[in-house]
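I opened my notebook beside the model and jotted down what I looked up. Follow along with the structure in view.

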Amino acid sequence: MEISSSAASTEYDRLIARHHAMRLRRQILAPAPAFQAPAVRGAAVRGSAVPGAASGPGGVPSDGGASRGGALYDGASCDGAADQRLILSTLGLVTPFADLIDHLYRFMFLRRPYLRSLFPASMEFQQAHLERMFTYLVEHLDRPAELADTLGRLGRDHRKLGVRPVHYEAFEEALCAAIRHRAGSQWNEELEAAWVRMLRFSVGAMVAGAESALTEPPYWHAVVVGHDRRRPDVAVLRVRTGEPYPYRAGQYGTVEHPLLPHTWRQYSMGCAPRADNEVEFHVRRTGPGGVSEALVERTAVGDRLRLGPPRGSLMPADDTRDLLLVAGGTGLAPMKAIVEELAEHRPRGRRVHLFVGARDRADLYDWPALSELGGRKPWLELIPVADDDPAGGAAGGAAGGAAGGSAGGAAGGRRLAEAVGRRGDWSDHLACVSGPAGMVDEVRTRLVAAGLPPARVHHDPVLGR
Ligand SMILES: NC(=O)C1=CN([C@@H]2O[C@H](COP(=O)(O)OP(=O)(O)OC[C@H]3O[C@@H](n4cnc5c(N)ncnc54)[C@H](O)[C@@H]3O)[C@@H](O)[C@H]2O)C=CC1
């Protein structure tokens, strides 16, 4: 079997990775030498650069070994804020990032063609991700501890991609070449040195994050045990992992489909953690040729997927106030997991309202399962909100079976935020919101305007998706 026969090599890989990581870390934390135009000379100095592959900064479990090792910017011999000022003031020389990144990857694959196999066939998502990542790095360079925390989680996640320290070195080399190419005659040593320091700091944090996760698998094998096409474009998948997948209700993981190697996309787990290692995912096909399409249209029971480490902190464990959950479309997945978890372990007296938004009534794709749960749990109130409800607003009530009825409201359009606002005073609640970015923004804005403190409105970072 694939899972057991790979155990020895996985162990070997872990030892090698650890060895590399420790060597690199020693190098990175050594005092910085004077600038020496590193990469283009090929000698890959003290470690190197940044995120080579998918996934972005996101709210993740507090596993963060990274904040320990990575928070000293350039071994404290230099100030992140100073590099931030320098990079920002010369940004015009290297931007647009899209061009910089295009050149970076071209250079890297030309110099080291074997690295191409670590990346997905289509580099589009990858390039966009790196663009966001560069922006994020530059914006946060004056806050090294925060940056190190995010990068540590990214490093943990990157283990699934097979990224090794030597790959970071290749990345640095390519970045320096790209900076020179973009800046042309205006290139100067200070500019490149600031970028290299930023990159090496990032790599240090990523390596520390990867190191702190060496006791867990870099990814989990999963077999599809259920594939339920609920709508033409929505499927609910059940997969079973070989080893326990250690997530908390409300978290998300990355999924790789065998038809699209090295392409990982994020989906929330749609059920509470279960003893039989079964995990549910809710997937809407978003466009042709992507992971969502493969999962909805080209997946059957028996197919094998890979899952990256779970991430996200949508549901705070230490706040036991009454809960307001607002889900839009397949953003229902994490909310369903939270509700299932509460059905098993609920602080006494805690009440829960779950608003479920959908384009139309037929798109309330998981309503039977929800209303069955709601029927058994009097502390749970379910409020479906369909955009096509002619009366506008809530399309039915708690455990009402097929959605029907109404609560009045705006005519036509996106009604979810309005239905939530109209329903009552949520200022004493803890709120979790999940769904399309526009919907999350709208609900959040409305709740805060109505008196709910912003810190009590939780949602996953949109960037990470
Ligand atoms: N599949 C998963 O596991 C998860 C998905 N998500 C995110 O949830 C989203 C789900 O998308 P769909 O199912 O296509 O949702 P959808 O387009 O069907 O919309 C669902 C609800 O959100 C409202 N809405 C949509 N866009 C809005 C906007 N701009 N402003 C205000 N309200 C808006 C709609 O009126 C409807 O009530 C995706 O963006 C996905 O990334 C979030 C968490 C988990």
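**Entry 1: helices side by side**

I began where Phe97, Ala98, Ile101 and Asp102 of H6 meet Gln127, Leu130, Glu131 and Phe134 of H7. I count two residues as in contact if their C-beta atoms, placed from the backbone, lie within 7 Å. Helices are DSSP runs of H or I with at least four residues, strands are runs of E with at least two, and both are numbered from the N terminus. By class, this contact has 5 nonpolar, 1 polar and 2 charged residues. Here Ala, Val, Leu, Ile, Met, Phe, Trp, Tyr, Cys and Pro count as nonpolar, Asp, Glu, Lys and Arg as charged, and the others, Gly among them, as polar.

A note on the source: this is a predicted model, where local features need pLDDT of at least 70 and side-chain atom pairs count only at pLDDT 80 or more, while totals for chains, interfaces and linings use all residues. Residues are numbered from 1 along each chain as its sequence is written.

At what angle do H6 and H7 pack? I found about 120° between H6 and helix H7 (residues 124–140), with their axes 10 Å apart. That makes H6 oblique to H7. Axes are lines fitted to C-alpha atoms, for helices over the stretch in contact, and angles run from 0 to 180 degrees between N-to-C directions. Angles under 35 degrees count as roughly parallel, over 145 as roughly antiparallel, 65 to 115 as roughly perpendicular and the rest as oblique.

**Entry 2: H6 again, with H9**

I then turned to helix H6 (residues 97–111) and helix H9 (residues 165–183), whose axes are 8 Å apart at an angle of about 130°. H6 and H9 are therefore oblique to each other. On the H6 side I noted residues including Leu100, Leu104 and Phe107, and on the H9 side residues including Phe171, Ala174 and Leu175. This contact of H6 with H9 has 10 nonpolar, 2 polar and 2 charged residues.

Is the peptide bond joining Thr95 and Pro96 cis or trans? It is cis, with omega about 5°. Most peptide bonds are trans.

**Entry 3: domains**

I wrote down three domains: domain 1 (2–212), domain 2 (220–307) and domain 3 (323–458). These bounds come from an automatic or database domain assignment. The contact of domain 2 with domain 3 takes 17 residues from domain 2 and 15 residues from domain 3. On the domain 2 side, S5 gives the largest share, 4 residues. By class, that side has 10 nonpolar, 4 polar and 3 charged residues.

**Entry 4: around the ligand**

Which residues come nearest to the ligand? Of the 24 residues around it, I listed Gly328, Gly329, Gly357, Gly438 and Met439. A residue is near a molecule or strand if its C-beta atom, placed from the backbone, lies within 6 Å of it. Among the elements giving two or more residues to this shell are strand S5 (278–284) and helix H15 (437–449). The shell has 8 nonpolar, 10 polar and 6 charged residues. Domain 2 and domain 3 each give at least three residues to the shell.
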